[in-house]
Amino acid sequence: MNPITLFATFLLALIGAGFVYLGLYWLAGLFFILALLVAASLKMANTWQKFVVLRAGNLLGVYGPGLFLIIPVIDNVAAVIDERIQTTAFNAEQALTRDTVPVNVDAIIFWHVHDARRAALEITHYREAIDRVAQTSLREMIGSSMLSSLLSERKAADDHLRDVIAAKTAKWGITVMSVEIRDVAIPVALQDAMSRQAQAEREKQARVILGSAEAEVAGKFVEAAETYAGHPAALQLRAMNIIYETTKERGATILIPTPMVDSLNPASALVLASQGQPNPLKSAA
């Protein structure tokens with residue numbers, strides 16, 4: 001009983017008790033009868049509720065939200081339908097995929113009633129029916145899917161499952177908003193095999209990347225060698241830069257042969273060239 005009906009019934013009964021106290025029993029009986037009529041006829045539906053009312057077994061109408069009256073005994077409320085968004089969790093255990101892999105799948109469905117009359121009259125228990133339909137649809141989807149697609153194409157599986165369930169429940173006045181697969185559990189042995197396969201793929205990719213990097217570095221060395229071969233001064237500058245980089249470390253001792261030191265001095269190189277002596281760098285080249 002809703003609060004308004006309860007308050008009105010209590011108030012009428014209290015007035016009747018007052019008339020009993022005053023000795024006016026016929027008025028007291030009248031108010032007691034009114035209290036019973038109000039308790040049986042005054043109904044209130046919340047903003048998210050719909051009341052399906054039958055009169056003598058025939059559909060009278062769908063009422064709500066707000067207050068409304070029914071005729072006691074002749075009218076009765078057949079169902080109170082909640083039109084808010086509902087969630088139903090369902091699962092499939094040891095269901096075989098198309099490649100015969102047993103999986104355990106947990107999912108959840110979001111739905112609401114858009115036609116209270118159909119939900120009350122077209123099916124006995126629409127909540128149980130949604131759960132059964134969701135479970136059978138999930139098993140059908142698993143049986144027609146490969147394990148790889150079930151794991152990688154989760155969004156497509158959700159959309160397909162939503163469309164299938166919605167097509168089956170639309171005639172009951174129910175709208176399926178979305179279906180979300182929460183978890184796909186596979187056997188432990190298969191998990192280990194898939195883990196080793198993924199690790200092997202990563203190692204293969206790492207080796208390919210390393211080989212590509214080595215090939216690129218080798219190409220750069222070839223280009224540098226060709227540049228140094230045509231420009232001896234560039235080789236001298238590079239050698240001086242190498243010496244500079246190595247001397248930045250504190251406490252480092254570097255031993256350089258005398259001919260190499262002379263070759264790093266451009267003036268000495270010119271003197272050697274004028275005297276007809278070979279340049280050590282050119283001889284080494």
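This is a predicted model: local features need pLDDT of at least 70, side-chain atom pairs count only at pLDDT 80 or more; totals for chains, interfaces and linings use all residues.

Modeller: I start with helix α1, whose buried residues are T5, T9, L12, G16 and F19. Buried means under 20% relative accessible area, exposed means over 50% and partly exposed is in between, with a 1.4 Å probe and protein chains only. Seen down the axis of α1, these buried residues fall within an arc of 80°, so they line one face of the helix; the arc is that of the directions from the helix axis to the C-beta atoms.

Residues are numbered from 1 along each chain as its sequence is written, and side-chain values use heavy atoms, with hydrogens and water left out.

Helices (H or I, at least four residues) and strands (E, at least two) are DSSP runs, numbered from the N terminus. Helix α1 covers residues 3–22, which makes 20 residues, and runs 29 Å from its first C-alpha to its last, close to the 28 Å expected at 1.5 Å a residue. The expected span is 1.5 Å times one less than the number of residues. The face of α1 turned away from its buried side carries the exposed residues P3, L6, F7, F10, L14, Y21 and L22. Among the elements that cover the buried residues of α1 are α2 (25–41) and β1 (42–45), where contact means heavy atoms within 4.5 Å.

Helix α2 contains S41, which is buried at 11% relative accessibility. Apart from neighbours within four places in sequence, S41 is in contact with F68, L69, I70 and P72.

Next comes the open sheet, in which 3 strands follow the order β3-β2-β5 with antiparallel pairing. Two strands count as paired if DSSP finds at least two bridges between them. The edges are taken by β3 (58–63) and β5 (75–82), each with a single partner strand, so one side of each has no neighbour in the sheet. On average, neighbouring strands of this sheet are turned by 25° against each other, direction ignored; the axes are lines fitted to C-alpha atoms, for helices over the stretch in contact, and angles run from 0 to 180 degrees between N-to-C directions.

Strand β2 (residues 49–55) pairs with β5 over 7 bridges, and K50 stands opposite I81 in β5. With β3, strand β2 pairs over 5 bridges, again in the antiparallel sense; here F51 has Y63 as its bridge partner. The hairpin of β2 and β3 has 2 residues between the strands, and A56 takes a positive phi near 55° in that hairpin.

A salt bridge is a side-chain nitrogen of Lys or Arg within 4 Å of a carboxyl oxygen of Asp or Glu, and the count by this rule comes to 9. One of them joins R84 and D82, at 2.8 Å from N to O. R84 is partly exposed at 42% relative accessible area, whereas D82 is buried at 13%. In another, the closest N and O atoms of R118 and D115 are 3.6 Å apart. R118 is partly exposed at 32%, and D115 is likewise partly exposed at 22%.

Helix α6 (residues 154–169) holds K155 and D159, 4 residues apart, about one turn of the helix. Their side chains meet in a salt bridge at 3.8 Å, N to O. K155 is exposed at 59%, while D159 is partly exposed at 25%. K155, D159, R162 and D163 are linked in a network of salt bridges.

The 16 residues of α6 should span 22 Å, and its end C-alpha atoms are 23 Å apart, which agrees. In α6 the buried residues are A157, D158, L161, I165 and T169. Viewed down the axis of α6, they fall within an arc of 100°, so they line one face of the helix. They pack against β6 (86–96), β7 (102–113), α4 (126–143) and β8 (174–185), whereas K155 and A167 are exposed on the other side.

For the whole protein, the secondary structure comes to 11 helices and 8 strands. Buried residues make up 27% of the 285 residues. Of the contacts with a separation of 6 or more, 62% are between residues 24 or more positions apart.
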